[in-house]
Amino acid sequence: MRTLLITGPGGTGRTTVAAATALKAAREGTRTLVLSADRTDTLGAALGVRTGPAPVEAGPNLTAWRPDAAERFRADLTAFQNRAGTALDLLGAARLDAEEVTPLPGAEELALLRALRDAATSDTYDLLVVDLPPTPQALALLALPEELRRYLRRLLPAERQAARALRPVLGRLAGVPMPSEWLYETAARWDIELAAVEAVVEDRATTVRLVAEPGPAGTDAVRSAGTGLALRGLSVDALVANRVLPHATNDTWLAALAAQQRKALDEWQETYDVHEVPHRGHDPRGTDDLGALPVPGVVNETPSPVEWPLTDHLADEGVLVWHITLPGAIREELDLIRRGDELVVTAGQFRRIVPLPSALRRCTVDGAALREGELRIRFAPDPDLWPRTR
């Protein structure tokens, strides 16, 4: 199944483009599901149907779904209180009723990730179109499974679970109770669920489609988005330039704005597959309006994955070079920190902690350079760790 993640700057018509893209695929005979995390029913307003916690049919081959964060949050909290009932009673804690619980900030995004996992593992659909939040929030959302799994591995290492028989003895020696079995079981269940979401995000059949309104602000946002997406290893299949004004106009103010848009479009075409969607003069509503938007279709070809190759320059320079693609990155906003077998890469407002390839774990960082949108990190073999040859 193909998964298309749609994001871009706020207020650029992302949801409308997502709905139009899903509608176009459905009319071509593709069984399509469109997901949204909006608390308000923006997706339903665009499609002309009400969407909510249960998937609804928005047309032939088209299903719309806006998961209910409150319902799942209440269920998770109730389950936690039941599992931790003894500890809560010892502390004299008053349990919360499901009816008085309201979802915390971020619950909508977590509900969207769960829905993404459930939809991707089902055989009901051929295409999944995901209406993501604005790009900075979308990238934080997509990074969540990887980061939470890393936290779980650090806080509750799986190898410590093996010493089950020693826990009572260790508890008496330490004078404090050891973690209960259910805690490790919960962590293992979370890890499995997070791994399933991470697999969908990292799948070769998952691509990102950016939506932006051409102009100076849109240009800055697209540049930043390209850097953040590349850092996460996500490929952009197309850039939808939304609300493009006509080239010829007698209005001086509109002509200046159109010229400004054309400058941004020319710049984007050097990097992306740009598709222009003209300004309709009103917000599209209903399938007739959406069907009139010339949004790009979804091809069946599997896109090329984003790769970070490692090249061997040991013979001539005595180093290995790791190439990390970061289009749009600015040298002054880059930062690298080596932490054990991991590398912390910061590019502007985005950061990712990536494990080093096995060969580089026996090396020391020898320098780095940013050239033509590519970060090249040099690693020199550590004589104490590198295999000796005659």
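This is a predicted model: local features need pLDDT of at least 70, side-chain atom pairs count only at pLDDT 80 or more; totals for chains, interfaces and linings use all residues.

Over which residues does pLDDT stay under 50? The stretch is residues 169–178, and the model has four contacts beyond four places in sequence for it. For the protein overall, I noted a mean pLDDT of 85, with 83% of the residues at 70 or more.

**Entry: the sheet**

I followed the strands and found an open sheet of eight, in the order S3-S4-S2-S5-S1-S6-S7-S8, with mixed pairing. Strands S3 (56–59) and S8 (274–278) stand at the edges with a single partner strand each, so one side of each has no neighbour in the sheet. From one strand to the next, the twist averages 25 degrees. I then looked at strand S7 (residues 236–244), which runs parallel to S8 and is joined to it by four bridges. Ala241 has Glu276 in S8 as its bridge partner. Helix H9 packs on the sheet, where it touches S7 and strand S6 (206–212), and its direction makes about 165 degrees with that of S6.

**Entry: a residue in H9**

I picked Thr227, which sits in helix H9 (residues 216–231). Is Thr227 buried or exposed? Its relative accessible area is 4%, so I wrote down buried. Leaving aside neighbours within four places in sequence, its contacts are Leu326, Pro327, Gly328, Ala329 and Ala347.

**Entry: the cores**

The largest nonpolar core has 53 residues, and Leu35, Val130 and Trp268 are among those with the most contacts inside it. Helix H5 (residues 107–120) gives the most to this core, namely five residues. Another core lies apart from it, with 26 residues, including Ala46 and Val298. Back at Val130, I listed contacts beyond four places in sequence, among them Leu4, Ile6, Leu35 and Leu112.

**Entry: salt bridges**

How many salt bridges are there? I have 16 on my page. In one of them, Arg352 and Glu146 have their closest N and O atoms 2.9 Å apart. Arg352 is in strand S13 (residues 350–355) and Glu146 in helix H6 (residues 135–155), so this pair ties together parts 206 residues apart in sequence. Arg352 and Glu146 are both buried.

Arg262 belongs to helix H10 (residues 252–268). I marked Arg262 as partly exposed at 22%, and Glu276 as partly exposed at 30%.

Definitions and conventions
Residues are numbered from 1 along each chain as its sequence is written. Side-chain values use heavy atoms; hydrogens and water are left out. Helices (H or I, at least four residues) and strands (E, at least two) are DSSP runs, numbered from the N terminus. Buried means under 20% relative accessible area, exposed over 50%, partly exposed in between (1.4 Å probe, protein chains only). Contact means heavy atoms within 4.5 Å. A nonpolar core is a set of buried Ala, Val, Leu, Ile, Met, Phe, Trp, Tyr and Cys residues joined through side-chain atoms within 4.5 Å. pLDDT is the predictor's confidence in each residue, from 0 to 100. Two strands pair if DSSP finds at least two bridges between them. Axes are lines fitted to C-alpha atoms, for helices over the stretch in contact, and angles run from 0 to 180 degrees between N-to-C directions. A salt bridge is a side-chain nitrogen of Lys or Arg within 4 Å of a carboxyl oxygen of Asp or Glu.
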